[in-house]
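The model is predicted.

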Amino acid sequence: METRPKSIITGGAGFIGSALVRQLLANGDGRVGIVDNLNSGKLKNLEAVGDRVETHLVDIRDYDPLERIFAGAEVIYHLAAIPSVPRSINEPVPSHDVNINGTFNVYRAAHAAGVRRVVYAASSSAYGDTDVLPKTESMAPRPKSPYALQKLMGEYYGSVFSSCFGLETVALRFFNVYGPRQDPSSPYSGVLSLFMKAALTRQAPTIFGDGEQSRDFTYVEDVAALVHKASIAPGVSGKVFNAGNGGRYTLNYLWEEVQRLEGITLPANYGPWREGDVRDSQADTTAAVRELGHAPRFTIQEGLRRTLEWYRAENA
Ligand code: UD1
């Protein structure tokens, strides 16, 4: 009989989830489980490792199957979500349902199934616009969009499941994750995936605002490594940590870099600012380094180079 996986990843067929699957398998997990409704995830993201993945095509809005699937697992990595700030403004109902009610289901099922720890994908958007950079976990959150608020609620629920129910929980605030497999097919897609597609199809991207907004873009493999560390670090239950690289780059700089790497000159179009947009975002990584052993390996230049290489191969 096949042994049950000790790790289960909700959203495991997604861009970040599938990187985490590969990371856990490389670290020695013989098999991992995923829960995904393939809303934005794709089984193709797991192509190379599919035979070591126990796949459950389940929506986290359905509670009952979750409890059965989680039984016997030690760690749940909760990454399933409907992402995107503007999507949550244009379609608030599904994003509320998945990101808040679905997240509650995951914590509740994990507790009922006797899971040791839930590691939750929170978001840097919870900070909103702060007066000071970098952003530290002790700052008061100021969510500016439904998405930011929903992701913050998931952190609070985690801390309450830790204090009231004894479930170990850790929340990681992801800072604009990018890398291979990020899907550029929707207007809600992450900006770097859209820049890669624009460069390869020779169609100018649109930058919302003046392009001087900045983000702490974090390479997907660095995030996956930190997520795994958060599953084993002692004495961190109920806490929230930044999962960023610590740098900060403007969109204008990034589009310049992408053009340089691709050897093209293609000026961007500029459009109106996006509602709910945060101006600047940069992680203080001190706590994650100290308490989780965070050690990001990829500079933005190296991350961009690898990412563009992947999109080139995909487009070939
Ligand atoms: C936000 C969160 C991030 C979260 C993500 C989920 C912040 C600081 N970050 O990312 O933690 O994981 O949502 O979706 O809130 N843009 C363009 N042109 C485009 C697309 C986007 O100029 O075609 C701009 C946006 O207006 C924004 C920046 O690029 O200023 C980044 O946008 P996006 O990649 O969508 O991510 P955030 O909204 O920053």
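Arg116 counts as partly exposed, because its relative accessibility is 27%. Its side chain meets that of Glu168 in a salt bridge, with 3.3 Å from N to O. This pair links distant parts of the chain, 52 residues apart: Arg116 belongs to the loop between helix 4 (92–112) and strand 5 (117–123), whereas Glu168 lies in strand 6. Glu168 is also partly exposed, at 25% relative accessible area.

The strands named here are part of an open sheet of seven strands, ordered 3-2-1-4-5-6-11 and paired in parallel. Its edges are formed by strand 3 (53–56) and strand 11 (239–243), each of which pairs on one side only. Within the sheet, strand 1 (residues 7–10) runs parallel to strand 4 (residues 75–78) and is joined to it by four bridges; Ile9 stands opposite Tyr77 in strand 4. Helix 1 (residues 15–26) lies across strands 1, 2, 3, 4 and 6, at about 165° to strand 1.

The structure holds 22 salt bridges. One of them connects Glu54 with Arg4, the closest N and O atoms being 3.5 Å apart. Glu54 is in strand 3 and Arg4 in the segment before strand 1, 50 residues apart. Glu54 counts as buried, at 16% relative accessibility, whereas Arg4 is partly exposed, at 40%.

Another salt bridge joins Arg215 to Asp277. Arg215 lies in strand 9 and Asp277 in the loop between strand 13 and helix 9, so the pair ties together parts 62 residues apart in sequence. Both Arg215 and Asp277 are buried.

Methods: Residues numbered from 1 in each chain as written. Predicted model: local features only at pLDDT ≥ 70, side-chain atom pairs only at ≥ 80, totals over all residues. Heavy atoms only, no water. Pairing = 2+ DSSP bridges. Helix = DSSP H or I, 4+ residues; strand = E, 2+ residues; numbered from the N terminus. Contact = heavy atoms within 4.5 Å. Axes fitted to C-alpha atoms, helices over the stretch in contact; angles between N-to-C directions. Salt bridge = Lys/Arg side-chain N within 4 Å of Asp/Glu carboxyl O. Buried < 20%, exposed > 50% of the residue type's maximum accessible area, 1.4 Å probe, protein only.
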